[in-house]
Amino acid sequence: MDWELILGLGRFLLATTLLLVLTIPTAFVIIQMEMKIIAQLALRFGPNRVGPRGIFQSSIHGFKVLAKEDTVPDQADRGTFTLAPWMVYMAAAMSMLVMPFAPGAIAADFNISIVYFFAVIGLSVVGLLVAGWASYNKYSLLGGLRAAAQMVSYEIPLTLSIVGAVVLAGTLSFSELIDWQRQHGWLLIWQPIGLGIFYVASLAEINRTPFDMVEADSELVAGPFTEYSGMRFGFFFFAEYVALFIMSGILISLFFGGWLAPWPFPAELGGFAGTLWGIFWFFLKTYLFVSIAVWMRGTLPRVRVDQLMGMAWKVLLPLALVNLFVTAIAVVVFDLKGV
Amino acid sequence: MTKTDPEVRIPDPIDLDRAEEDRLRAAAGLAPVRPERPEYAGFEQVGIPDRPPETAREMEVYSLAEGEMLLNMGPQHPSTHGVMRLLVKIRGEVIVDIDPVLGYLHRGIEKLCENATYTTVLTYVDPMDYLSTMHNEHAPAIAFEKLYGVRAPKRAEYIRALVVELNRIFSHGLMMGFLALDMGGLTPILYSFINRDEIVDMLSAISGQRMLFNFFRVGGVNFDVNDEFISRLGTWRSHVLENIEMNEWMITENEIFTARTKGMGTLTGQEAISLGVTGPNLRASGVPFDVRKAHPYSIYPELELEVITQESGDSYARYLQRIAEIKQSIHLIDQIVDKMPHGPVQAQVPGIIRPKPGRAYGAVESPRGLYSVYAISDGGPNPYRFRMRDPSFISLQAMPKVMPGRLVADTMAVMASFDPVMGGVDK
């Protein structure tokens, strides 16, 4: 008996279960934040009836979605129609596997976790495209095709924007990248242009305002989700908010030091206390960026689809290439590799 | 002959009438009233409409070339400003043709008015253009006063101008919000509604109702101004400019907003005139036509009023025009409050009036343009003919003109900039 293997397998199963369970409160919290913050921006009260200060409103929404009838259009392709929400949700949940919450609190900490992350997060476009096609609805089809065009285009600047950071740190693992940031300062200082590109591209990648072309309620009703109801719609909805959490988490891990406190003290906090300390900072920073995304949703209108694609190919992609080029030259000239 | 016999087609009486009419006309050497239906083979593939198209224009819209698709926007759609159906022919995301299909909110208001007495007509016209209720009542009131030969007292005219300008402000304010909402901006509409709510509270204090005010009467208005109205007006006036500026601050300079409205839906002055577009949409194209100035009515000749115009005629110009007009209306309200005389608010008019046979025309500048009423009296207690010209209906005709070549995403944004209200379009 290989006890190492069984132990590792058990740990993996426990971690994945915990992550899947974690997606539910994450989505509830972000939906609640969104309702409340946008209400405050619009000089409304927002939810204030369910529970103290309305804190259970989003949970009630979740249960409502469970209780709703699940309809399938007559001419829809039933099999793929059913699979699509699952694909989108799993893409989000699977990418949480490498999310660096804290030292010792990463479900799978392997040496190419950055590559894994960008491979898996891009899978959700398949689900959206399938949903758009299977619904047998013109709005869904337009939304699905928009999703495909938008997410495939933005994946390129998104991935290129972090190559500079990877070259600088000489690693493809999130935990090693954060360790590098502990020694040399946050990548925010080293890669400001990369950060800007990553932020814009990540908003487009997860279809957040001002790039929420895929849903675009004033044009496409609800895009690929138009024909969905009940918990199938709920999965799309959940996946969207979980994706926002994931992108914010990855953003702070790449550029804002991940679980590191903004000051080096206490540097030598190890063991369980270090994990808790890391989790605290991780969630604080992540939710800061989630709030910024919510704030933008309350403020900005939506850009048009051609302007969006134009920005990806004409602005972000050249900028990302220049950033990579300059970083690579600097690494060679100043001999910065691994510093 | 049994009814179930499929071979025997019972002729439609309307078709019989038509055939008879055409035969008579042909005998007299005239062309048939209705042209022959055009040859059309494509509708089996398209599926809509479920009948052959009746006009050349319908056929043009419904025939699809390779790679084109018909998309029905509405009547159930989150942002068609009521129940309107836009039939959009698209190639990918690019609009090839667009055809507004109307009639989903038709309530037969003209006919209702013809069956009502002159005094009760003013209650029926309220729900037409439901964002400019006061203007809806103003035009028939003017027409009926001309018809009956009565004049509203001076104070009544001032109160009319006051409530009408207040109505214009909230209508234009909502247009700002809806324009942003149709581009995905969630907040400006709620700021607009804060402003609207204050005005509606004010108007409900004076008229007793919140939406369909039913405030105008033939020969005056229903109530004089009261203390609550005055105090609400003062409070509102003290911060209205801040409210408008806060909303403007979110929209006007916004990069995304300007990128999506500048150069969009451009209507030149000549095109606008030939379509019959009036109101802010016409003035945004640079034509200085304002009914309040061109055909003065009520007390507008006594007030200082400049006709504001924009140059470019695009969605952004229409938006700026609305903001300028809000500020102008606030200026007008200041003057009206300063100059308001004392006196009665209602002339002596019997409950059921029977004007002498004749015709009268009343036109006002509504937030959407020239809104007018043409009434014919045959001496009875109700109008023999009551015809309304609604400006939204005509603004909407500009859509097929400006949309081809644009993207699906621009449909709603451009339509919101024309600010049509379906209640008025369909009557």
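**Strands and fold**

Guide: In chain B, strand 6 and strand 7 form a hairpin, with 2 residues between them. Helices (H or I, at least four residues) and strands (E, at least two) are DSSP runs, numbered from the N terminus. This is a predicted model, in which local features need pLDDT of at least 70 and side-chain atom pairs count only at pLDDT 80 or more, while totals for chains, interfaces and linings use all residues. Residues are numbered from 1 along each chain as its sequence is written, and chains are lettered from A and ligands numbered from 1 in the order in which they are written.

Visitor: In which sense do strand 6 and strand 7 of chain B pair?

Guide: Two strands pair if DSSP finds at least two bridges between them. Here strand 6 (residues 358-366) and strand 7 of chain B are antiparallel, over 9 bridges; Arg359(B) stands opposite Ile376(B) of strand 7. Strand 7 of chain B is also joined by 5 bridges to strand 8 (residues 385-389) of chain B, again antiparallel, and Ser372(B) faces Arg389(B) in strand 8 there.

Visitor: Why is strand 7 of chain B described as largely enclosed?

Guide: A residue is buried if 20 or more other C-beta atoms, placed from the backbone, lie within 10 Å of its own. In strand 7 (residues 369-377) of chain B, 7 of the 9 residues are buried, so the rest of the structure largely encloses this strand.

Visitor: How many helices and strands are there in chain A?

Guide: Chain A has 13 helices and 0 strands. Buried residues make up 47% of its 339 residues.

Methods
Buried ≥ 20, exposed ≤ 12 C-beta atoms within 10 Å, placed from the backbone.
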